Amino acid sequence: RPVHQSVHTNPLTTLRSQIYVMRTPVLSPPSRPRCSSPSMRAATESASRRALLSLCSALLATPTPSPAAAAAAAAEARGLQTFDIAASDLDRRSFRGMQLSNGLRVLLCSDPEAGKAAASMNVAVGSMSNPVEWPGLAHFCEHMLFLGTKRFPGEGEFERFIAANAGSNNAFTGSEETNYFFSVNGDALPGALTRFADFFTAPLFSESGTTREVDAIDAEHAKNLQSDFWRSDAVLRLRARPDHPYSRFFTGNRQTLRGGDADARAALFAFHRAFYRAPQMALAVAGPQSLDALQRLVQANFGALPPGPAPPASAAYDALPPPFDTQPQAEPPMATVLV
C-alpha cells in the first residue's frame, strides 16, 4: 500500500519511501529435488536429455518464414478488411467476410462437423468480353486453366488431386462471368486451394495444351448443334442488335480460335492479364477448419493475385443500348430459322 507522507516531508525522501514500499520482494529460487539413489538420478538425467532433444527437434522442424514472405504477410494484414455475416441463431456454421489488400472479396464458412470442403471463384468476365477477332476466347481460357500452372505444370494435376481426395470439380463460362469450383475431403482443402489459386496467378497456357484443347472446344460446339437449348440460344442472339456483344458467337470452335496457334496463345495471356484481377473476383471457401485457419489459407494462397485498379470488363458495353429493341418493330419478321 502507498505510504502517506506529511506535506513538510522532503519530496526525495517521499519518493524513496514509495519505491521501497512498492518494490517486489525477491523470492529465493526453489530448491532442486534431491535424488535419493543413483538409479533415480540417472533416470532423471535421461528424461531431461530426452526432453531437451525433443524440444530441439521441434524447433528445427518448424520452418522459418523468409523476410520477403514475412513482409508480404505484414503488408497483407495491414490492408485486410473483415466483415460480420448475419446468420441464423440455429445455424451451427460460422461465417466471415473479408476483402484482401489486393481487392479480392472472400466469404468464409466454417462447419466443424463437415467431412467435405469446397471452394468457388467467380470472375466478373464472360463471353461478352471476347475480342471481336477471337470469338470463344473466354470459354477457351476457362478450359486452359485446368491444364497446368507454373508450380504444378502437369496437365490434369489439379483434377488428379481432387479425384484422389474424393472430390469433384468443374467450371462454366457465362455472358458476364466465369465460375470455377471444386469439392474435396476436408483435410485436403489446403492442398486443393494451393493448386486452385495458381489458376489465377500463374497459368501456363502451354503450346501443346492450346492446340489440343481447341479440339475439345470444337467437339463441344459440335455437340451443341444438336441441342435444342443451344439452338434456341443461338436464335435469341440472332435477334439481338448486331452492334451489341450479346449477338456474337460465344462457344468458339477450331476455326474461330485458329487451331490454338501462337496467336491464340498470345491472346489467352492478354485476356487473362486484363481481366483476371483481384478486384473483379470473388471467392467462397467452406470447410471444417476454423475461420482463422481458413483466413490464413486464403491469405497465403490468394494474396498474390494481381490487384487493380482496372476497369470492370462490363465497362466496354455498359453504355450501349440494350441488346434488344424495346419498341415493337413496324413489320416483325415472320420467323427466324436456324439451320
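1. The buried residues of H7 are Gly209, Thr210, Glu213, Val214, Ile217, Asp218, His221 and Asn224. Residues three or four places apart in an α-helix point the same way, because there are 3.6 residues a turn.

2. Some housekeeping before going on. This is a predicted model, in which local features need pLDDT of at least 70, side-chain atom pairs count only at pLDDT 80 or more, and totals for chains, interfaces and linings use all residues. Residues are numbered from 1 along each chain as its sequence is written, and side-chain values use heavy atoms, with hydrogens and water left out. Helices (H or I, at least four residues) and strands (E, at least two) are DSSP runs, numbered from the N terminus.

3. On helix geometry, H7 has 18 residues and spans 26 Å from first C-alpha to last, close to the 26 Å expected at 1.5 Å a residue. The expected span is 1.5 Å times one less than the number of residues. Helix H10 (residues 291–302), with 12 residues, reaches 16 Å, close to its expected 16 Å. H10 is mostly covered, with nine of its 12 residues buried; among them are Leu291, Leu294, Leu297, Val298 and Phe302.

4. Now the sheet. Seven strands form an open sheet with mixed pairing, in the order S1-S2-S3-S7-S4-S6-S5. Two strands pair if DSSP finds at least two bridges between them. At the edges sit strand S1 (81–83) and strand S5 (168–173), each pairing on one side only. From one strand to the next, the twist averages 15°.

5. Strand S4 (residues 116–123) and strand S7 (residues 281–287) run antiparallel and are joined by six bridges, with Val123 opposite Met281 in S7. S5 and S6 also pair in the antiparallel sense, over six bridges; a hairpin joins S5 to S6 through four residues, and Phe172 stands opposite Asn179 in S6.

6. Helix H4 (residues 137–144) lies across S5 and strand S6 (178–185), running at about 165° to S5. Axes are lines fitted to C-alpha atoms, for helices over the stretch in contact, and angles run from 0 to 180 degrees between N-to-C directions.

7. H4 and S5 come up again at the second largest pocket, where H4, S5, H7 and H8 each give two or more residues to the lining. About 280 Å³ of space lies in this pocket. Of its 18 lining residues, the closest to the centre are His139, Thr173, Glu220, Trp230 and Thr251.

8. Finally, two backbone points to check. Most residues other than glycine have a negative phi. Ala166, however, has a positive phi near 60°; Ala166 lies in the loop between helix H5 (157–164) and S5 and is partly exposed at 45% relative accessibility. Arg258 has a positive phi near 55°, in the loop between helix H8 (228–238) and helix H9 (262–275). Arg258 is partly exposed, with a relative accessible area of 39%.

9. For the pocket terms: on a 1 Å grid over the protein atoms alone, a pocket is an open set of points with protein on both sides within 12 Å along at least five of seven lines, and lining residues have an atom within 4 Å of a point. Grid points are joined across faces, edges and corners, and a volume is the space filled by probe spheres set on the points.

Definitions and conventions
Contact means heavy atoms within 4.5 Å. Buried means under 20% relative accessible area, exposed over 50%, partly exposed in between (1.4 Å probe, protein chains only). On a 1 Å grid over the protein atoms alone, a cavity is a set of points where a 1.4 Å probe fits but cannot get out, and a pocket is an open set with protein on both sides within 12 Å along at least five of seven lines; lining residues have an atom within 4 Å of a point.
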